[in-house]
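User: I have just opened this entry and have not seen it before. Could you walk me through it, starting with how the chains meet?

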Amino acid sequence: MATWTSEQVASLAPDASSITAARGVAGPRQWAGAGHDHRAAWGRCRGYDVVVDLSTPAFSCSCPSRKVPCKHCLGLLLVWASSPETVPEAPAPAVVAEWLDRPRPAPAERKPVDPEARAKRVAERAARIGAGLEELDLWLRDLVRQGLASAQSRPFRYWDDVAARMVDAQAPAVGSQVRRMAGVVRSGEGWPGRLLAQAGRLHLLVQAWRRLDSLPVETQADLRTAVGWAWPSEDVLAGPVVRDRWAVVGRAIVDEDRFRIQRTWLLGSERAALVLDFAAGGAPLPAELVVGTVVDASLAFFPGAWPQRALVATVRGPAETLYEWRGSPSIDVALREHAAALAANPWLDRVPMILAGVVPVGGRRARDAGGTTVPLVMDEEGEWLLATVSGGHPVGLAGEWRDGSLRPMSVWAGRRLTVIP
Amino acid sequence: MTWDDLVAGALVGTARRPPAIPDSVSPGVDEVLRGIDRDDPEGALLQAGAVLGLYRQAGVRLPVDEEPAPAPSPPETRGYVSPAATERLDAILGGGYRSVLGEWLGRVAGAGLLVPADRLPALLHVASVDHRVRAVTADVIGERGRWLGGLNPAWSWAAGAGEDVAGTWSTGERQARRLLLARLRAEEPAAARELLASTWATETPEDRAAFVAILAAGLSMDDEPFLEAALDDRRKEVRQAATGQLVRLPESRLAARMAERSRPLVQEGRLPDEVDAGMARDGIVAKPPAGVGARAWWLHQVVAATPLATWPPALGGSPADLAGRAGAPLRRAWAAAAALQGDGKWAGALLDAGVEEPALLAAVAHERAVAHVTARIAAGGLAPAVLDFLDHCPDPWGPALSRRVVDALGELVKRPARPEPRLAGLAARLDPSVAPVATDALSEHAGRWSDVVGWFLDLLTFRAEMYEELPVTGPGGRSCQHLLLHHRAMVEL
């Protein structure tokens, strides 16, 4: 099987210092008894026994570090990436095989659900959200009655109080949208138009919620997602799955108050998928999906008119290195797809944009063969990485499209995928 | 513009202006707009905002750039370093092993390879700040690196385009001007001196002194008139810098004047009575260091600046004879002269006579220096005085001396001596082939030596792996040596 590149290994690291430390134990001489088979890689480094289960991946190391994966696990993958002869194919030692066959925690037994009680809870919550949204509507009407100009002089509390009320009404995602409006007011040139569109979208949400029961089930699901009413994973996983060879094309990690949110974007033969992960405090984020690999997996999509978010139901076999790039042949084609997505779900916040044959040009833009340019949102480090990897030649680009600009996550050039941090 | 009218209305509020709901946008949208209840101004404005906002968002048109695309980077003619070597570069740039960056780059250049494109920004960033590695960096970045240098003004040096010498010299920052002079001096010594002379009168004293020090590279008698004139500079630091160069030129007028002064004094066994005006002009410092007699100090300076060729005829005897029979103060002064004048014969004679001056090692042949230090370690282990000699021993140390150092270190760590932090730094210069021997001999040592030994072994192993990853063979080896020398010259700057 193909080994992972060092960038892919780096993407598994729980933090930046881990990968730096891992490079210190990534010398071929520092490893003894290392090997791999189709399921795992193993070896001994500085007296510690290391095993990496490649399928999940999962990590085992006898060192005292509490980081997962620790520097030795990362070091083993790094040394495998850089000098494959140090980690040759071999039969797994007994202890390794034993660990790989370890009993996995069985999914918790679900209590039998009382359908009546559940329906009652759902109805109660829907009503609570409805009441909250009616209050929001009064506030929105007040905003446009007094004029958006008045919003400029409002303190943050003006927005935050309403946002907090939405959280109380069990519509946390609406609260986030209201808080975003406070930022829109200060976003410079063109802000009144953006604020009006945002207020309008929330108003549309209120109106739709009023007649929730009369809407198609997919739109009901989109509304539920739009207000931030979580779907139980069991329900999603119990639904239909889509098996495909999914290319893991990009990842974005953002820090919110007490959470880290990880968005991993996958591209299948028919559609893209978003896998969201959350970690509280300093807990590590799941790293099963490695950017720049292809996995044979079944995904369970959350319901909606434009299914995008998904859970990984099952993975078959180890991930392979990404070997081909399928992106939109032009920026206009990608935008048409975006329009179709919005038409299906007007509350869709963020969609993937996966382009082929674009040239990064100065001023943080990428240009397709027809000359159409898309603005890129990234820091200076990303800008130069994109420039150097492309060398002014056409490349593939995967990013998140939002608010009229593209935030690049990875670039495909020279038959390999480079992550843009 | 219907959207702009709608937004303008929203800005002032429906209380003052009824919303301007457009009715002719596009067929599908118009149908929705017609369904809006205009008797509810706030609701109508919000609905129109939702519909038209989404319509605009979904129908966004991006600009078409008509300008011709900038020229892409040409294809590379050389291969890239291996993934393992690339990993090592990451470790070096990541922090802990930054000190071996120059060596790593030298190996890459010697192997005729290139740094992979995705590592170039990090490398160019470091090399833009660390001038010592610039020249060798420019050798390993390939077409892609030069192309990048053309895009980022901070990396323009990497583009390798013809340098604007006159422009930088007349308007550049202080450090940029010094680097320019040093680079020019390395390539065309005379042109560098002429450039300096052209603006000499307008330079600040601090710059004048620094520029004169830069002339050390490629110093020759061609520079003598310029330096002799600098002895009349108003500022002491400039005069001292000029003296510092002229004493390295045994045929200079300054050296001849010094010989006139020192010959009778040494022949008659006398000390100078005073520092007269002429001596002061030639840079003799009147105030002695603590614990040294003033007149002995004056004699030392005069002899140290006198051409060594003066002494065999004046005193009768070969350098070896004279070094053997002279007193300690005279030998110390000759040692200073031998180091300054780069006189291998005298330096060798003085080393043989047991003069404790590590700087002499730079004046003797390389094998001789290595042999001398090897013998010192065999006799005295790694005592602090021996370490001074080791520091001054020119590179490469070679396997024999390196093995001797490892053996001595093995002896040292067995003793309950205080760890000497300097010892760990030796790993940066030892021949990496001794890494396995060092690992066997030292890895069991714990206690208070463990930090020093641990870092020593880490660095040595790191370099050994680096050499294995980047084998330098054939003509490339020579080019590597050349680059290392260049690297050294920049370090001295």
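**How the chains meet**

Analyst: Chain A and chain B bury about 4500 Å² between them, 61% of it on carbon and sulfur atoms, where buried area is the accessible area (1.4 Å probe) that two parts lose on being put together, summed over both. This is a predicted model, in which local features need pLDDT of at least 70 and side-chain atom pairs count only at pLDDT 80 or more, while totals for chains, interfaces and linings use all residues. Residues are numbered from 1 along each chain as its sequence is written, chains are lettered from A and ligands numbered from 1 in the order in which they are written, and side-chain values use heavy atoms, with hydrogens and water left out.

User: How many residues of each chain are in contact there?

Analyst: On chain A 57 residues are in contact with 57 residues of chain B, contact meaning heavy atoms within 4.5 Å.

User: And how many salt bridges across that interface?

Analyst: The rule finds 7 salt bridges across the interface of chain A and chain B, a salt bridge being a side-chain nitrogen of Lys or Arg within 4 Å of a carboxyl oxygen of Asp or Glu. In one salt bridge the side chains of B:D40 and A:R141 meet at 2.8 Å, N to O.

User: Which helix gives the largest share of chain A's side?

Analyst: That is helix α8 (residues 191-210) of chain A, with 11 residues of the side that touches chain B; helices (H or I, at least four residues) and strands (E, at least two) are DSSP runs, numbered from the N terminus. The residues on that side of chain A divide into 26 nonpolar, 21 polar and 10 charged, with Ala, Val, Leu, Ile, Met, Phe, Trp, Tyr, Cys and Pro counted as nonpolar, Asp, Glu, Lys and Arg as charged, and the others, Gly among them, as polar.

User: Changing topic, how many salt bridges are there over all chains?

Analyst: The structure holds 62 salt bridges over all chains. One of these joins the side chains of A:E320 and A:R245 at 3.6 Å, N to O. A:E320 lies in strand β9 (residues 310-321) of chain A and A:R245 in strand β5 (residues 241-255) of chain A, so the pair ties together parts that are 75 residues apart in sequence.

User: What about helix packing: at what angle do α6 and α7 of chain A cross?

Analyst: The axes of helix α6 (residues 156-168) and helix α7 (residues 172-185) of chain A cross at roughly 170 degrees and come within 7 Å, axes being lines fitted to C-alpha atoms, for helices over the stretch in contact, with angles from 0 to 180 degrees between N-to-C directions. That makes α6(A) roughly antiparallel to α7(A), since angles under 35 degrees count as roughly parallel, over 145 as roughly antiparallel, 65 to 115 as roughly perpendicular and the rest as oblique. Among the residues making the contact are A:F156 and A:W159 of α6(A) and A:P172 and A:V174 of α7(A), and by class the contact has 13 nonpolar, 1 polar and 2 charged residues.

User: And α25 with α27 in chain B, parallel or antiparallel?

Analyst: α25(B) and helix α27 (residues 435-442) of chain B pack at an angle of about 10 degrees, with their axes 10 Å apart, and that makes α25(B) roughly parallel to α27(B).
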